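The points below follow the sequence and structure.

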Amino acid sequence: MKRALATIVIGENHERLFAMTGQRMREYADQIEADFVMLRHTRYEMPHFAKFELICELHDRGYDKALYVDADIHIRQEAPNIFDHYHSAAFSEVPHPQPPWLRLSIQWIRENMVPDWPANLYYNTGVMVFDRPALVGVSEMVRDATPQPGKFFEQDQLNVLMRDGGFPQQKLEQRWNQFCGER
């Protein structure tokens, strides 16, 4: 079974974050018997949308399972193998009560993409787990997608695309993507 742990490191800000998180990401990739895949360049003007390219690359390279983590994600030493816990697609639902910043994203989605978007539905795409069928499905959705700026760039658009495509198949528990910032 071909597995990947993937991240994106583009620009100085990502470089600084990855300097703090990268070693542990590589160790965790070894721990879960996954290739470590890092995207360092993008064709998109806004590098946030490199996530679209990376999802397609993971699909094109034939991965059976993939874990995507943002460059600012710190993987704990005691983290178990995430692939033992998730066997299909999984994304983190933003916790309730929702943080104040989320209202702006939902407002943007409603004004620009889906007027009746539910106020209580939003997924954080900083940690995503894909099995092969999900990787195929999501890559098909993003391969030719036209980036729309949004409040949180690709995350807003991925929320809409994933909902339209019938994702997620599983909700990623908060222990896998804890929010440390403002709630």
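1. In what order do the six strands form the open sheet? In this predicted model, the order is 2-1-3-5-4-6, and the pairing is mixed. Strand 2 and strand 6 (170-172) each have a single partner strand and stand at the edges, so one side of each lacks a neighbour in the sheet. On average, neighbouring strands are turned by 30° against each other, direction ignored.

2. Within the sheet, strand 1 and strand 3 are paired in the parallel sense over four bridges. Ala-4 stands opposite Ala-66 in strand 3.

3. Helix 1 lies across strand 1, strand 2 and strand 3, and runs at about 160° to strand 2. The buried residues of helix 1 include Phe-18, Met-25 and Tyr-28; among the elements that cover the buried residues are strand 1 (3-8), strand 2 (35-39) and strand 3 (65-69).

4. The 21 residues of helix 1 (residues 11-31) should span 30 Å at 1.5 Å a residue, and the end C-alpha atoms are 28 Å apart, which agrees. Just after helix 1, Glu-33 adopts a positive phi of about 55°.

5. Leu-161 belongs to helix 5 (residues 154-164). Is Leu-161 buried or exposed? Its relative accessible area is 17%, which is under the 20% cut-off, so Leu-161 counts as buried. Leaving aside residues up to four places away in sequence, Leu-161 touches Met-141, Val-142 and Ala-145. The C-alpha atoms of Leu-161 and Arg-175, 14 residues apart along the chain, are separated by 25 Å.

Key
Residues numbered from 1 in each chain as written. Predicted model: local features only at pLDDT ≥ 70, side-chain atom pairs only at ≥ 80, totals over all residues. Heavy atoms only, no water. Helix = DSSP H or I, 4+ residues; strand = E, 2+ residues; numbered from the N terminus. Buried < 20%, exposed > 50% of the residue type's maximum accessible area, 1.4 Å probe, protein only. Contact = heavy atoms within 4.5 Å. Expected span 1.5 Å × (residues − 1). Pairing = 2+ DSSP bridges. Axes fitted to C-alpha atoms, helices over the stretch in contact; angles between N-to-C directions.
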